[in-house]
Amino acid sequence: MIDFTKMTKWDLGKCFDYAILPKDTTEETIRGECKVAIKYNCKAFCFSSSYWTKVVAEELRGTDLLVGAGIGFPFGQQSSAVKAFEAEEAVRWGATVLDNCMNVGALKDKKYKEILQEFKDYKKAAGPVVTKMIIEAEMLTDEEIKTACQLIEEAEIDWAKSSSGQYNGMSLEQVRMMVNTLKDSQTKVKVSGVKFPRAQNAYVFLMAGAELIGSRSAPEIIDALDTMREIGVVPAYAL
């Protein structure tokens with residue numbers, strides 16, 4: 001769990017992936033927002049597909065920020081082979097972290113062997129880079145959330161990610177379900193799709209055991225650290 005007593009705003013940046021996902025995003029926007037991600041010391045700059053990989057890799061060169069491509073985004077209903085190709089292409093072009101979308105309907109149909117094999121195919125295609133799997137928790141029952149997280153763990157994927165950020169977003173209880181399911185594993189929990197008020201919700205999700213937040217509002221949320229400390233949402237900084 002994150003220790004906020006040791007966190008400056010600069011340190012806190014590594015708890016955030018800065019995500020720019022709109023359909024009308026231009027190269028000028030991508031390049032400009034990469035500079036914002038660097039300014040805030042974010043963990044990664046995330047985008048919707050392999051398309052922007054080379055541009056982002058160029059902008060982040062010489063930094064420790066990860067280049068984050070979306071896979072099967074946002075529906076996750078492509079075949080496993082298509083997703084694997086997307087992953088391989090993104091890595092070949094310079095991606096260092098991948099956020100893949102699970103096929104929610106297949107999970108609801110209880111096609112667990114199919115889902116697990118797809119997860120393993122993805123993990124293999126990703127090679128050495130960091131892997132995440134988006135489960136779209138707001139569309140799942142508690143039991144489905146547990147099952148999805150267990151399959152992610154079995155496939156040795158690095159992160160279970162709550163949402164794509166394109167829909168309603170998940171609840172605190174759903175985040176806790178993910179954290180508790182994965183508490184004894186090597187798989188960590190990332191939250192995206194943070195609802196308004198985003199700053200308050202993001203800090204509560206981190207306090208609840210998530211270790212990474214994906215949001216276009218990352219700068220705003222990081223800037224709110226002092227206010228969150230003043231009102232007691234997170235503990236004070238301790239030297």
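Guide: To begin with handedness, a crossing is right-handed if the near helix is turned clockwise from the far one by less than a right angle, and left-handed if anticlockwise. Helices (H or I, at least four residues) and strands (E, at least two) are DSSP runs, numbered from the N terminus. The model is predicted, so local features need pLDDT of at least 70 and side-chain atom pairs pLDDT 80 or more, while totals for chains, interfaces and linings use all residues. Residues are numbered from 1 along each chain as its sequence is written, and side-chain values use heavy atoms, without hydrogens and water.

Visitor: What is the hand of the crossing of α2 and α3?

Guide: The crossing of α2 and α3 is right-handed. Helix α2 covers residues 27-39 and helix α3 residues 53-60; their axes are 10 Å apart, at an angle of about 35 degrees. Axes are lines fitted to C-alpha atoms, for helices over the stretch in contact, and angles run from 0 to 180 degrees between N-to-C directions.

Visitor: Which residues make the contact of α2 with α3?

Guide: On α2 they are E27, I30, R31, C34, K35 and I38, and on α3 they are V55, V56, E58, E59 and L60. Contact means heavy atoms within 4.5 Å. By class there are 6 nonpolar and 5 charged residues, with no polar ones. Ala, Val, Leu, Ile, Met, Phe, Trp, Tyr, Cys and Pro count as nonpolar, Asp, Glu, Lys and Arg as charged, and the others, Gly among them, as polar.

Visitor: Why are α4 and α6 called roughly parallel?

Guide: Helix α4 (residues 80-92) and helix α6 (residues 112-126) pack at about 20 degrees, with axes 8 Å apart. Angles under 35 degrees count as roughly parallel, over 145 as roughly antiparallel, 65 to 115 as roughly perpendicular and the rest as oblique. The pair α4 and α6 is therefore roughly parallel. Residues S80, K83, A84, A87, E88 and V91 of α4 meet E118, D121, Y122, A125 and A126 of α6. That contact divides into 6 nonpolar, 1 polar and 4 charged residues.

Visitor: What makes α7 and α8 oblique to each other?

Guide: The axes of α7 (residues 142-154) and α8 (residues 172-181) cross at roughly 40 degrees and come within 9 Å. That angle puts α7 and α8 in the oblique class. The hand of their crossing is right-handed. From α7 come D142, I145, K146, C149 and Q150, and from α8 come Q174, M177, M178 and T181.

Visitor: How do you know what counts as a pocket, and what is the volume of the largest one?

Guide: The search uses a 1 Å grid over the protein atoms alone: a cavity is a set of points where a 1.4 Å probe fits but cannot get out, and a pocket is an open set with protein on both sides within 12 Å along at least five of seven lines. Points are joined across faces, edges and corners, and a volume is the space filled by probe spheres set on them. By that rule the largest pocket holds about 390 Å³.

Visitor: What makes a residue part of the lining?

Guide: A lining residue has an atom within 4 Å of a point. The largest pocket has 24 of them, with L21, S164, G165, Q166 and R216 nearest its centre. Strands β2 (44-47), β7 (188-192) and β8 (212-215) each give at least two residues to that lining. The second largest pocket, of about 230 Å³, has a lining that includes L21, F73, P74 and Q166.

Visitor: Which peptide bond is cis at P74?

Guide: The bond from F73 to P74 is cis, with omega near -5 degrees. P74 sits in the loop between β3 (66-71) and α4.
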